[in-house]
Amino acid sequence: MATLADPIKESFRPSMLLNDTRYRSLTFQFIALVAIIATMAFIGGNLVRNLAEAGLNISYDFLGAQAGYDINQRPIPYESTDTHGRAAIVGLLNTLIVAILGCITATVIGVVAGVLRLSPNWLVRKIMAIYVEMFRNVPVLIWILIIFSIMISATPAPRDFRGEDPTASMMLFDSVAVTNRGVFMPKPLLGDGSMLVIGIFIASIIGIFFFRRYARKQLFDHGRLIPTLWPSVGLFFIPAILAQIVLGGPITLEYPELKGFNFQGGTTIRGSLIALWFALAIYTGAFIAENVRAGILAISKGQTEAAAALGLRPGRIMNLVVLPQALRVIIPPLISQYLNITKNSSLAIAVGYMDLTGTLGGITLLQTGRAIEAVLLLMLFYLTISLLISFFMNIYNNAMKLKER
Amino acid sequence: MSDTHAQSVAFVRETELPPAPPPVTETGAIKWVRENLFSGWFNTLLTVVAFYFVARILFFVFPWFFNGVWDAASIRECRDVLGGATGACFAVLVDRWDHLLFGFKYPPDGYWRIVVAFILLLGAAAPALFSKLPRRLLLFTALYPFVAYWLIWGGSLWLPMTILGIIIATGLVFRAVSSQIPVNMRQMVAAAIGMICGVGLSYLLFIGAKELVFIANSIGTASLGTSFAYGVFWLLAIFTFVFFIPMGMFVGYAIYNSYEDGGLVSVVTALLFIYAALVYLLAPIASGLNAVIPIELQAVASRDLGGFMLNMILGTVCVSLSLPLGIVLALGRQSNMPLIKGVCVVFIEFIRGVPLITLLFVANVMLAYFMPPESNFDLILRVIIMITMFSAAYIAEVIRGGLAALPKGQYEAADSLGLDYARSMRLIILPQALKISIPGIVNVAVGLFKDTTLVSIISMFDLVGMIRGPIQNSTEWISVYWEVYGFGAMLFFIVCYSISQYSQWLERQLQTDHR
């Protein structure tokens, strides 16, 4: 009877560090560690020497110094006498604004274009294919510049609105003016009691949410179909409007008016913001369209046929059967497209939109000469935004994922 | 048979009817139009709307394009010729053609060099792209970087040729010799090389430790934060100092120890030899050859490169460099060594989390601080380094997807064949993983090529930089937008669209599953 002997105990030999897979990984990691330390020493030593030579030190004090430059699009109050730190925050908010606007618009464009690329209509299919190929294969920077030139050259100047016989006129009951300096729109002024109106508005949105949940529960539990569309619409508008009327109109609108060579009052959306927003949305929309198309094609034809056999109309098949399943395929690439929009929004610097790159990485860097600190902060900001977006989208993705048991 | 009913039935058809043609609405163009354009009220509406839009665009674009003025000296002259009609001013393209393609500082009598380099690029890329071509042509692909460098940057032909010669000669010699040397001789060589490497590495580590102490001392202990950094750097310095001699000795010993199979020793020796030859022999040989047979082109500085050429150079160089780097990063991220995995993960996630433009800022304003004070890096080289790192991180993620998509059985099969890590990767895993990753890699490559336009923001004069700088700021061509941007968009479209078509073709070629 054969007995299983213990393997011979090998004593450790130095050559095992290289030839034995059990120890070799230790060797490699040790070499890697040394290489990292050596690189750090090299870079750090050079940095210290170069800074000493230039008479600089690493300090973030410049964030507290007066900025001394204007920002034309500011979501929070900002004057040129404010600090560089506040300018950076204005830039950050501007980045977030264009990123969020871009993500929403790109999603809408992408889903529509992606669905239309699979349309039975030959003409529409071809147009969408041309759109997707045209935008995917040309740099986004060129698109931003092209759309910015359209904004400048195809819209009237503010002075065209003046005089007895103006060549341009304001839209929507004289409230919105589209000019080559930007779009001027009415600004809501919050008077006394306006908080109440806003509160009622928010409460009615929450109400809609609960109403729909109740309707769905009724449908699932008792098979009772409660109409939700018109009650929701009513709930959305009527309480807030009633409150506005009852309280005597606490929220008023400040209309933009032509004074001198430009419009005054109201809010302004700069042409650069619009150009950047549209360019990013249309460009990324082309990529999202491809993702949507791939997602829809990934759903087996049996699903469509089963839905058709149940007697659903094509629109309902898409909304109730295909898209919810395709969403699982679409969401992961969609996350990276959102990240791309956020990162591409840094191209704002090309059209003079003062985002984070324009303020912190642009004028602040040039004025203070604090290149290392500014660029490091800039990277830190973008890294944080990117990680936050992917964190939240991953939570959403996990919630949508097929729960397998 | 028909006779039987002849009396009872008035009429019996005796022959088969010829098949009737299908209704007009069910054949040819009409059927196609009905099915594809007007199959329902919604589709009809869509068709009408789409047709309206296409017509609007065409009615706008056609007169603009066909009224185009191709011969004028300035935008004002263009407008005079047009006389108020809509029309493009393509004269700007004619006038500034060279600037758009080659930048405004490249010597005009050297344009042919760029054209030749571009044509050779097509020739060099072909054997790498189409596997049906004879494999021997890959030699030309390997030769191409040296030729292209000489053509674009000029200078003496002998400089790149000597580098190439040193590398090839060393490789050939070592390949021929290493198997001939008897074992005891090989042992001696290995001992010598081990000594050199060990002492060299120890010395490097010693310098590193000194450097760390220097950093720690210059940070000082002024505040809590700096004290912490001070402590960290001192700890690192002590660590390095304690380990520097054993480490060097160990590596030396490891090299010595592997004399039996000879591979590592030859490679290390060859690398040392190439390094020494490049440092000590390159300049004398190159200048000597140049003195004997002078083949020289006018030297061009890197900052004089511009136009679409710059985009092409950056795109080609960065794509070809980032592919191997991306493979290494992807393998590193898959590795089960925590330190190497950690480094790769941090690198990839960091790069993917920041926009390319911030990395270009690093190249522009920060990288100089990280280099020794006297070193003088070209801006274009710094930019190439940063773009390569950027796209390598993305390629690494694509390849990681390919590696993860392979069934575990493939890894186990490679192990059970007794292949070591390098062989199992090279022969089994990577060929399959790369095949899966092709579409993703091509997407990254196309994206990278488009992103080369971003260098215009750090004031390099690539195609977009040329348009936004010298062309639109000139008095002749101020406020020319459509023609130049349209031209730029068209160039990029041609290149990117052909690349993506190629990738689709390649995918079909590599399809080995049965459908």
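**View 1. The predicted complex and its confidence.** This is a predicted model, in which local features need pLDDT of at least 70 and side-chain atom pairs count only at pLDDT 80 or more, while totals for chains, interfaces and linings use all residues. Residues are numbered from 1 along each chain as its sequence is written, and chains are lettered from A and ligands numbered from 1 in the order in which they are written. The predictor gives the complex an ipTM of 0.85 and a pTM of 0.85. Among the elements of chain B, the highest mean pLDDT, 92, belongs to helix α12 (residues 307-334), and the lowest, 77, to α10(B).

**View 2. The side of chain B that touches chain A.** Here 57 residues of chain A are in contact with 56 residues of chain B, where contact requires that the C-beta atoms of two residues, placed from the backbone, lie within 7 Å. At least two residues of this side are supplied by each of several helices of chain B, including α2 (41-66), α9 (183-219) and α19 (482-510); helices are DSSP runs (H or I, at least four residues), numbered from the N terminus. By class, this side of chain B has 41 nonpolar, 13 polar and 2 charged residues, with Ala, Val, Leu, Ile, Met, Phe, Trp, Tyr, Cys and Pro counted as nonpolar, Asp, Glu, Lys and Arg as charged, and the others, Gly among them, as polar.

**View 3. Helix α2 of chain A against α9(B).** Helix α2(A) (residues 21-54) packs with α9(B) at an angle of about 45°, with their axes 8 Å apart; axes are lines fitted to C-alpha atoms, for helices over the stretch in contact, and angles run from 0 to 180 degrees between N-to-C directions. The crossing of α2(A) and α9(B) is left-handed, meaning that the near helix is turned anticlockwise from the far one by less than a right angle, whereas clockwise would be right-handed. Among the residues that make the contact are V34(A), I37(A) and F42(A) of α2(A) and L204(B), E211(B) and F214(B) of α9(B). By class, the contact has 11 nonpolar, 4 polar and 1 charged residues.

**View 4. Helix α4 of chain A against α2(B).** Helix α4(A) (residues 122-136) and α2(B) pack at an angle of about 45°, their axes being 8 Å apart, and the crossing of α4(A) and α2(B) is left-handed. L123(A), V124(A) and I127(A) of α4(A) meet L46(B), T47(B), A50(B), F51(B) and V54(B) of α2(B), and these residues divide into 7 nonpolar, 1 polar and no charged.

**View 5. Helices α3 and α10 within chain A.** Helix α3(A) (residues 84-116) and helix α10(A) (residues 314-344) pack at an angle of about 140°, with axes 11 Å apart, and the crossing is right-handed.

Key: pLDDT = per-residue confidence, 0-100.
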